Amino acid sequence: MIDEEVVMREDRNTAIFVAYEDHQETEMAVPERELLRAILRSALLDVRKAKSEEELRKATHYVLDGDEDYIFSFRSICQFLNLVPERIIEALGIAHDLHDPQKETKNL
């Protein structure tokens, strides 16, 4: 019969165990998450501090675009970051544009 405690002590001396003994689990997507946060932050600043009507139109179009397939679209970023896009749009004060599709097309 093999003594389990002896086996465990011997296993602790293997290179694999020693290499991972100090391993701390981290979230794998941290850099990607930070990139998406930066893109979202930039878009929100563009809407709030646009220097021209053209900049405001482009920023608003980006935020109001319904595309969810493109990885860097507003809705895709919100989905990845577990945010509710409608709440962000409402907080920006452009929620009324969601309900008036003609207003959005006029601005394009």
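Contact here means heavy atoms within 4.5 Å. The model is predicted: local features need pLDDT of at least 70 and side-chain atom pairs count only at pLDDT 80 or more, while totals for chains, interfaces and linings use all residues. Residues are numbered from 1 along each chain as its sequence is written, and side-chain values use heavy atoms, with hydrogens and water left out.

**View 1. Leu92 and its contacts in the predicted model.** Leu92 belongs to helix H6 (residues 85-92); helices are DSSP runs (H or I, at least four residues) numbered from the N terminus. With residues up to four places away in sequence not counted, Leu92 touches Leu44, Val47, Arg48 and Val63. The C-alpha atoms of Leu92 and Leu44 are 7.7 Å apart, although 48 residues separate the two in sequence. Leu92 has a relative accessible area of 15% and is therefore buried (under 20% relative accessible area, 1.4 Å probe, protein chains only).

**View 2. Ser73 in the loop between helices H4 and H5.** The loop holding Ser73 runs between helix H4 (53-64) and helix H5 (74-80). Ser73 is buried, because its relative accessible area is 5%. A polar atom of the Ser73 side chain lies 2.8 Å from the backbone oxygen of Asp67, and the backbone oxygen of Tyr70 lies 3.0 Å from a polar atom of that side chain. Ser73 touches Tyr62, Asp67 and Glu68, again leaving out residues up to four places away in sequence.

**View 3. Residues 97-108 and the confidence of the model.** The chain has a mean pLDDT (the predictor's confidence in each residue, from 0 to 100) of 77, and 62% of its residues reach 70 or more. Over residues 97-108 the pLDDT is below 50, and this stretch has 12 contacts in the model beyond near neighbours in sequence.

Definitions and conventions:
Helices (H or I, at least four residues) and strands (E, at least two) are DSSP runs, numbered from the N terminus. Buried means under 20% relative accessible area, exposed over 50%, partly exposed in between (1.4 Å probe, protein chains only). A polar contact is a pair of N or O atoms within 3.5 Å; within protein, one must be able to donate a hydrogen and the other to accept it, and residues adjacent in sequence count only if both atoms are side-chain atoms.
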